[in-house]
Amino acid sequence: MTREELEEAKTQSAEIAKMLKEGNLTADERHKLETLQAQLAGVLLHPWLPFGWGRRSIMIVLFLVGAIGLAQGNSYFLLAWVLLLFFSPRFVGEFAYALGRFVAGFNGRA
């Protein structure tokens, strides 16, 4: 996925959200737009590495901290690799999906 494709998907998702919020749609149109929005969310949360250099830089630093800790034999620095996951769009999407399924099952809605 390129940066242009990501920006286009974000724009389309925002437009669909605006159309759904307006509420002047038939049930069939609403269902189609909700399905399309779910597909776009999957596209946005698909890459393992973020596109922004801020989050990507944090991931690099956390990786290096974990590698230095591993080289020195200090296992506490390896916790940086666990934190590394929370900067990945794919992991955050999968985690949010799993958490949502758990909460829905816990509340008896799944």
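Lys21 sits in helix 1, which covers residues 3-22. This placement, like everything below, comes from a predicted model. Lys21 has a relative accessibility of 76%. The cut-off for exposed is over 50%, so Lys21 counts as exposed. Leu40 lies 19 residues away from Lys21 along the chain. The C-alpha atoms of Lys21 and Leu40 are separated by 17 Å.

Now step back to the whole chain. The protein chain has five helices and zero strands. Read from the N terminus, its elements run α-α-α-α-α. The radius of gyration is 19 Å, whereas the globule rule gives 13 Å for 110 residues. The chain is therefore more spread out than a compact globule. Along the principal axes, the C-alpha atoms fill a box of roughly 60 × 40 × 20 Å.

How much of the chain is buried? Of the 110 residues, 18% count as buried. The accessible surface comes to about 8200 Å². Carbon and sulfur atoms hold 66% of that surface. Contacts also reach along the sequence. Among contacts with a separation of 6 or more, 53% join residues 24 or more positions apart.

Next, the nonpolar surface. Eleven positions can be traced on the model: Tyr76, Leu79, Val82, Leu83, Leu85, Phe86, Phe95, Leu99, Phe102, Val103 and Phe106 form a nonpolar patch. Together they have about 1200 Å² of accessible area. Helix 4 (79-85) and helix 5 (89-106) each give two or more residues to the patch. Helix 5 provides the largest share, five residues. Leu99 is found in helix 5. Its relative accessible area is 44%, so Leu99 is partly exposed.

Two patch members, Phe86 and Phe95, lead on to the aromatic rings. The structure holds five aromatic pairs. One of them joins Phe86 and Phe91. Their ring centres are 5.3 Å apart and their planes stand at 85°, so this pair is edge-to-face. Phe86 and Phe95 form another edge-to-face pair, at 5.9 Å centre to centre and 85° between the planes.

Phe91 has 21% relative accessibility. Buried means under 20%, so Phe91 still counts as partly exposed.

Conventions
Residues are numbered from 1 along each chain as its sequence is written. This is a predicted model: local features need pLDDT of at least 70, side-chain atom pairs count only at pLDDT 80 or more; totals for chains, interfaces and linings use all residues. Side-chain values use heavy atoms; hydrogens and water are left out. Patches are made of residues with over 30% relative accessible area and no salt bridge: like charges are joined within 9 Å, nonpolar side chains (Val, Leu, Ile, Met, Phe, Trp, Tyr) within 5 Å. Accessible areas come from the Shrake-Rupley method with a 1.4 Å probe; for residues, only the protein chains shown count as cover. A salt bridge is a side-chain nitrogen of Lys or Arg within 4 Å of a carboxyl oxygen of Asp or Glu. Helices (H or I, at least four residues) and strands (E, at least two) are DSSP runs, numbered from the N terminus. Buried means under 20% relative accessible area, exposed over 50%, partly exposed in between (1.4 Å probe, protein chains only). The radius of gyration is taken over C-alpha atoms; the globule rule is 2.2 Å times the number of residues to the power 0.38. Contact means heavy atoms within 4.5 Å. Rings of Phe, Tyr and Trp (its six-membered ring) pair if their centres lie within 6.5 Å; planes under 30 degrees apart count as stacked, over 60 as edge-to-face and the rest as tilted.
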